[in-house]
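Work through the exercises below with the model open. Try each task before reading its solution.

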Amino acid sequence: MGTNYLLNNITRKLPQAAMWVKTVRAYDAQNRRTRMAGPRTVHIQTTDRCNAACIMCPYSTVNNSARGNEMDDKLYRHIIDEISRSACTRVLCLMLQNEPLLDKKLPDRIRLARELLGNDIRIMTVTNGAPLTQKVAGELIAAGIGSVAVSIDAFHEHTYKMIRQGLNFRHVMENTLSLVERMGSDRVSVKFLRQRDNEGEEDEFAHYWRSRGVRVNFIEPTNRAGTLESYERIKKRKPALWKKLSHPILNRIIPVCPLPFTSMNILWNGRAITCSEDWEPRDTVGDITKQSMKEIWNGDKFNHYRHLLWNHRATESAVCTDCSFSDRYWRI
């Protein structure tokens with residue numbers, strides 16, 4: 001991979017790193033609480049279902065038999081009201097450990113959020129692209145969705161079939177290209193999770209989508225807080241050069257995992273989990289049916305997990321102890 005690829009990867013990390021520096025450094029270690037009045041990003045799981053069995057996802061092995069639940073309309077409205085009172089929240093992501101487009105009410109939920117939150121908060125979702133038909137895309141656009149990210153993870157069909165089992169590569173490509181045409185390339189992005197099976201396809205993937213004006217996000221696999229059984233098999237054997245150069249620096253700037261300092265994650269039943277990686281979940285930090293978002297965000301339980309991370313005591317954390325982020329976030 002050439003110098004341009006290296007520079008692009010490092011440059012793309014900078015805005016995200018800058019935001020995380022602000023949220024992590026807002027932690028008051030002496031008083032064991034964050035000075036952030038609320039989360040910058042809120043993830044909501046409006047349904048807990050998915051239509052795929054991807055090799056890098058615990059969905060098929062963690063509590064799958066109990067899935068098929070949807071968030072109550074009144075609870076969703078309550079959460080949006082809570083977000084509207086937050087001065088910190090800038091992003092609402094209607095996706096959490098699921099395929100959000102399986103929620104038939106999603107366009108209505110987007111419309112309600114847009115009405116109550118206005119244009120100051122970006123409303124987005126992340127999808128595997130399979131349910132993203134022309135009809136669904138039209139409904140999302142009409143409802144006021146701000147942006148859509150499509151997880152594809154492969155350039156070649158045979159690679160895609162190995163990774164995203166149960167999905168149709170050609171349909172996903174057609175759906176994504178159609179969405180770009182209708183929504184605009186500046187509001188659609190594609191994701192590529194680097195792993196052993198798609199190694200060597202990064203350049204082709206990036207060239208294909210960037211030539212169409214679509215932003216490409218390369219991300220790294222995690223062990224999903226210890227719940228992903230295939231993690232050791234799928235992770236790449238050798239780190240990329242850009243990671244060797246940039247990640248030691250980033251680990252000095254952001255010395256702990258930023259996720260619990262930055263975002264709030266709310267499951268379909270109102271329970272809040274420490275971060276989106278906790279798939280079992282091993283613990284919860286609150287219940288928005290009984291507490292306000294502010295009470296959960298700066299509650300004793302949430303701050304307990306932040307305290308352990310801040311002091312590099314992740315092994316004592318019920319959630320973080322087995323996570324691949326536990327020793328450092330920017331892993332080489």
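This is a predicted model: local features need pLDDT of at least 70, side-chain atom pairs count only at pLDDT 80 or more; totals for chains, interfaces and linings use all residues.

Residues are numbered from 1 along each chain as its sequence is written, and side-chain values use heavy atoms, without hydrogens and water.

**Exercise 1.** State what share of the residues is buried, meaning under 20% relative accessible area with a 1.4 Å probe and protein chains only.

Solution. Start with the length: the protein has 332 residues. Of these, 55% count as buried. Next, take contacts (heavy atoms within 4.5 Å). Among those with a separation of 6 or more, 74% join residues 24 or more positions apart.

**Exercise 2.** Find the residues that touch the most other members of the largest nonpolar core. Such a core is a set of buried Ala, Val, Leu, Ile, Met, Phe, Trp, Tyr and Cys residues joined through side-chain atoms within 4.5 Å.

Solution. The core holds 85 residues. Ile44, Tyr76, Ile83, Leu92, Ile152 and Trp209 touch the most other members. Helix α6 (residues 169-183) gives the largest share, six residues. Now zoom in on Leu92. Beyond four places away in sequence, its contacts include Val42, Ile80, Leu117 and Met124.

**Exercise 3.** Which residues lie nearest the centre of the largest cavity? A cavity is a set of points on a 1 Å grid over the protein atoms alone where a 1.4 Å probe fits but cannot get out.

Solution. Lining residues have an atom within 4 Å of a point. There are 13 here, and Cys257, Cys275, Cys320, Cys323 and Phe325 lie nearest the centre.

Key: On a 1 Å grid over the protein atoms alone, a cavity is a set of points where a 1.4 Å probe fits but cannot get out, and a pocket is an open set with protein on both sides within 12 Å along at least five of seven lines; lining residues have an atom within 4 Å of a point. Buried means under 20% relative accessible area, exposed over 50%, partly exposed in between (1.4 Å probe, protein chains only). Helices (H or I, at least four residues) and strands (E, at least two) are DSSP runs, numbered from the N terminus.
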